[in-house]
Amino acid sequence: MKPTITRILVPTDFSTASDAALDFAKSIARTFNASLHLLHVFEDPVVAVGFTEAYAPLPPTTRVALVDDARRQLANRLSAEERERFDATTEVVSGASAMAIVEYAQDHAIDLIVMGTHGRTGVAHLLIGSVAERVVRLAPCPVLTVHADRTVFKQPYRAYLPEMPTAQLPA
């Protein structure tokens, strides 16, 4: 059986990196005639106090307004023609981002996750962590990460093959 891509998950936090990932996902979906699943994970706020974290519940009306806003933003990511062409779905779920993305991929038999990455390094990466990195480690399918700055390097790194032993060819 030849593996194919029929369902593509595009998690979004509405950032430039997520928009770049959606562009890549559309191209892949066109090529494979795959469906697109746009997902936004709404994380309830957590407040860091010293070295501990505390849950800070939002007033119910504020939470509903934020989730409704996320739904509107998701709906605006695709045109009506694209929604039909890609048999697209949009969903907002609550939870920890990485685990919610992985669970959605498992529950919906996703073949490929295409997601943006902010490319944080150093202290920012240590403090904030990387949702994309956790998804790559835990996902049940391949994950394509896309950086917001999709600049093509003019001098790409070169791959060098190790020297091959020279063997005497028969005459």
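Guide: Let's go through the sheet, then a helix on it, then a pair of helices. Keep in mind that this is a predicted model.

Visitor: How many strands form the open sheet, and in what order?

Guide: Start by listing strands in the order they lie side by side. Here 5 strands line up as 5-2-1-6-7, with parallel pairing.

Visitor: Which strands stand at the edges?

Guide: Look for strands with a single partner. Strand 5 (89-94) and strand 7 (143-147) each have just one, so one side of each has no neighbour in the sheet.

Visitor: Over how many bridges do strand 6 and strand 7 pair?

Guide: Strand 6 (residues 112-117) runs parallel to strand 7, and the two pair over 5 bridges. To find your place, take methionine 115: its bridge partner in strand 7 is threonine 145.

Visitor: And which strands does helix 6 touch?

Guide: Helix 6 packs on the sheet against strand 6 and strand 7, and its direction makes about 160 degrees with that of strand 6.

Visitor: Where do I look for the contact between helix 4 and helix 6?

Guide: Axes first, then side chains. The axes of helix 4 (residues 97-107) and helix 6 (residues 131-138) come within 9 Å and cross at roughly 35 degrees, and the crossing is right-handed. Helix 4 contributes Ser97, Ala98, Met99, Ile101 and Val102, while helix 6 brings Val131, Arg134, Val135 and Leu138. By class, that contact has 7 nonpolar, 1 polar and 1 charged residues.

Conventions:
Residues are numbered from 1 along each chain as its sequence is written. This is a predicted model: local features need pLDDT of at least 70, side-chain atom pairs count only at pLDDT 80 or more; totals for chains, interfaces and linings use all residues. Side-chain values use heavy atoms; hydrogens and water are left out. Axes are lines fitted to C-alpha atoms, for helices over the stretch in contact, and angles run from 0 to 180 degrees between N-to-C directions. Helices (H or I, at least four residues) and strands (E, at least two) are DSSP runs, numbered from the N terminus. A crossing is left-handed if the near helix is turned anticlockwise from the far one by less than a right angle, and right-handed if clockwise. Contact means heavy atoms within 4.5 Å. Ala, Val, Leu, Ile, Met, Phe, Trp, Tyr, Cys and Pro count as nonpolar, Asp, Glu, Lys and Arg as charged, and the others, Gly among them, as polar. Two strands pair if DSSP finds at least two bridges between them.
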